[in-house]
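Colleague: I am new to this model. Please take me through one part closely, and then whatever connects to that part.

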Amino acid sequence: MMKTNLITSLSKRTASQLHYTCRHGSTASSAYDLVIVGGGIIGCATAREMIMRHPNMKMAIVEKENVLAMHQTGHNSGVVHAGIYYTPGSMKAKLCVEGLKLSYEYFCKNNIPHKKIGKLIVAQNLNQIKKIDDLFDRGTKNNVPDLEIVEKDCISKYEPKCKGEKAIWSPWTGIVDWAVVCKAFAEDFKKMGGEIFLNFEVIGFTEMMESKGESQLAPISVQSKTRCIPTKYVLTCAGLHSDRLAVMTGCDLSPRIVPFRGEYLLLNDNKRHLCTTNVYPIPDPRFPFLGVHFTPRITGEIWLGPNAVLAFAREGYSWFDINIRDCIEMAKFPGLYKLCFRYFLPGCMEMIKSIFYPLAVKDLQKFIPEVSYRDVRRGPAGVRAQALDKDGKLVDDFVFDGGTGSIGSRVLHCRNAPSPAATSSMAIAKFIADKLDRDFKF
Ligand SMILES: Cc1cc2nc3c(=O)[nH]c(=O)nc-3n(C[C@H](O)[C@H](O)[C@H](O)COP(=O)(O)OP(=O)(O)OC[C@H]3O[C@@H](n4cnc5c(N)ncnc54)[C@H](O)[C@@H]3O)c2cc1C
């Protein structure tokens, strides 16, 4: 490790002293060892982990927006998941449980406001009661701490207004603002010497032209419209645009990202007393989404949702956000037709409930009957980067991709970081950092 650090630090000095010229005549900055594309929680957590491991390396995060955490990281339920749902032994299960512990330690050390308010997963009928036992079993196998089965009569001890037939209580589930956490990771990164370039939308990767013939020290040029950054290696964590970034280095178009909006309703302030903990339904195993739930926010608001409707733009936070390029790409993607065909009815129901939101309140009343449609109003929305394979199957695993040739072999793409990736972010960061160390021999 010491040897590697010495070499990288020598080459860093040499590389940053060289004079680089960008293609297309854009302005070049000095050279980096690693550039991370995407200032969401995965990019920032991994950048932090990498600079902690390699303090002598020169690193930068580039983000297309003018603030960090602008997309999925800043538009989610804000739940710290305990890891109950995921298949035992899977990466999702392992990284979530590990991420939960690391996150709470980090919040406490860094005074990040959070609350361990717990969560009830509530069964409403006989069929769901059977699933409660399966879920409890999964959670136990995943080492989720302190899970309890709650019988019908005891549900109100955990959430006084909640009704159901049987439930699971998870005391370690919590709430936090993941955008605040992401920005704290970014601050740590900067304090350790990392740099962050906002308003830097990556439009391609090219081979660097070095005017004095030493381009192998930082052979890749990370291009925006007006600038370029020379670097040795690149990691992309581009969320809703991850497939586009992968294609830029010659990777396969699959898995494609299809945007699914998750809309929330807000409980009126005078009804906030109706909900003090996270209340979740039994998830439908066909979908990776956890179902519409009650979520108290760290601000004191109560959010109800999110649903899942196809968005007409990758960053389409309302029905009126339509992006022609995104729509054309979706229209040309056979996998999406297959998905729509398979889930035609549930898909239509979600759309109808999205437009006539009092219908969605009916689902919520099963859990807290006192909530009426007069007690809610439309709230914010987030857009999930849902990865789909060629057959229209929902990809539920992490997907990493590289490429070949002089550029592709130096780039790692994180193409799918599915929920609960915010909770798992510190564990995912360690996982990606191990991979970067192994693949690129840092
Ligand atoms: C509705 C919803 C609810 C969720 N609820 C939870 C929850 O309660 N708990 C939980 O743990 N997880 C939750 N998740 C999942 C979690 O929010 C995401 O998995 C996580 O935020 C993904 O982080 P990311 O960094 O991969 O993506 P993002 O946060 O989307 O970040 C990607 C970044 O890349 C940037 N970028 C893209 N293209 C380029 C480019 N060409 N050049 C430069 N920058 C670029 C984007 O601007 C963006 O900032 C939820 C997600 C959604 C959508």
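Colleague: Which of the 40 residues around the ligand come nearest?

Modeller: First, the ground rules. This is a predicted model: local features need pLDDT of at least 70, side-chain atom pairs count only at pLDDT 80 or more, and totals for chains, interfaces and linings use all residues. Residues are numbered from 1 along each chain as its sequence is written.

Now the ligand. G38, G40, N76, G239 and G382 come nearest, out of 40 residues around the ligand. A residue is near a molecule or strand if its C-beta atom, placed from the backbone, lies within 6 Å of it. Two elements give two or more residues each to this shell: α2 (41–53) and β21 (376–388). Helices (H or I, at least four residues) and strands (E, at least two) are DSSP runs, numbered from the N terminus. By type, the shell holds 17 nonpolar, 18 polar and five charged residues. Here Ala, Val, Leu, Ile, Met, Phe, Trp, Tyr, Cys and Pro count as nonpolar, Asp, Glu, Lys and Arg as charged, and the others, Gly among them, as polar. Domain 1 (2–72 + 179–254 + 397–440) and domain 2 (114–174 + 262–386) each supply at least three shell residues. Those bounds come from an automatic or database domain assignment.

Follow α2 to its neighbour α6. The buried residues of α6 pack against α2, β4 (59–62), β10 and β11 (195–197). Contact means C-beta atoms, placed from the backbone, within 7 Å. Those buried residues are W178, A179, V181, C182, K183, F185, A186 and F189. Buried means 20 or more other C-beta atoms within 10 Å of a residue's own; exposed means 12 or fewer, partly exposed in between, with C-beta atoms placed from the backbone. Just after α6, G193 takes a positive phi of about 105 degrees.

Next, β10, one of the elements that α6 packs against. Three strands form an open antiparallel sheet, in the order β5-β10-β6. Its edge strands, β5 (79–80) and β6 (114–115), each pair on one side only. Two strands pair if DSSP finds at least two bridges between them. Strand β10 (residues 174–176) and β6 are joined antiparallel by two bridges. There, K115 stands opposite I175 in β10.

Key. Two residues are in contact if their C-beta atoms, placed from the backbone, lie within 7 Å.
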